[in-house]
Amino acid sequence: MSKTPISTLLSSIRLTPHLPPHSWYLIAGVTLSTLNKPDEVRHVFQYAIEKDGGSAQTQINIARRMREALVKAAAIGGLPKSINALFALKKVTPHALMDEPFGYSPTGRSAEFYDIPSSKTMQRGQAFFDQVYGKVSKRVMGQMDHSGTEDLGITARLILKGHLKGALNNGASVEEVRAVRNVIVRLCEASGMARLGEDASNGWGW
């Protein structure tokens, strides 16, 4: 990270105008995980507990939301990064804020694997895909279904990679999307990334 203390950076990010409520630590955690900085993720969690964890239930909610965000980030940044971030997070998570294996699951994900027919899961994924991509969803899905492997379209129905337009299609305001993007850019810059130039295909790099 940059020479700016992490607490100072997180304090500034937490107060960013127009961010969706209670989202700053999720955005910061997922961004740092994707940047392969798992040790910084735990600082985000600890700062969120310190500043926003007023009650025991609020602390549980922060811990669960943080873990869920990192699990879902695997579709964007890759599973190994999410694994590293989740284990780094576990090291600083009090036992009372952990969910026991094979116990209560706030996500209900295990039921989706064992109790819900796969056809319904696929239908729900397709509905969410259509909502995110809006009027171009059929064209985009058709391109993926005919990419040379039907697995691409199937994967997209199961794991959706949202984007800026998709956020707007799901009800986010332009101001919220810009605020989220601003936080991500600031974290990238603090991690040492820089714009590669207007002609660079990836836009950002080390």
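**Loop and helix geometry**

Colleague: Where does H18 lie in the chain?
Modeller: H18 lies between α1 (6-14) and α2 (24-34), helices being DSSP runs of H or I with at least four residues, and strands of E with at least two, numbered from the N terminus. The model is predicted, with local features needing pLDDT of at least 70 and side-chain atom pairs pLDDT 80 or more, while totals for chains, interfaces and linings use all residues. Residues are numbered from 1 along each chain as its sequence is written, and side-chain values use heavy atoms, without hydrogens and water.

Colleague: What is the phi of H18?
Modeller: Most residues other than glycine have a negative phi. H18 is not a glycine, yet its phi is positive, at about 75 degrees.

Colleague: Is H22 buried or exposed?
Modeller: H22 is also placed in the loop between α1 and α2, and its phi is positive, near 55 degrees. Its relative accessible area is 60%, and the cut-offs (1.4 Å probe, protein chains only) are under 20% for buried, over 50% for exposed and partly exposed in between. H22 is therefore exposed.

Colleague: How are α3 and α6 oriented to each other?
Modeller: Helix α3 (residues 38-52) packs on α6 with axes 8 Å apart, at an angle of about 45 degrees; axes are lines fitted to C-alpha atoms over the stretch in contact, and angles run from 0 to 180 degrees between N-to-C directions. Under 35 degrees is roughly parallel, over 145 roughly antiparallel, 65 to 115 roughly perpendicular, and the rest oblique. So α3 to α6 is oblique.

Colleague: What is the relative accessible area of L79?
Modeller: L79 is found in helix α6 (residues 79-91). L79 is exposed, with a relative accessible area of 53%.
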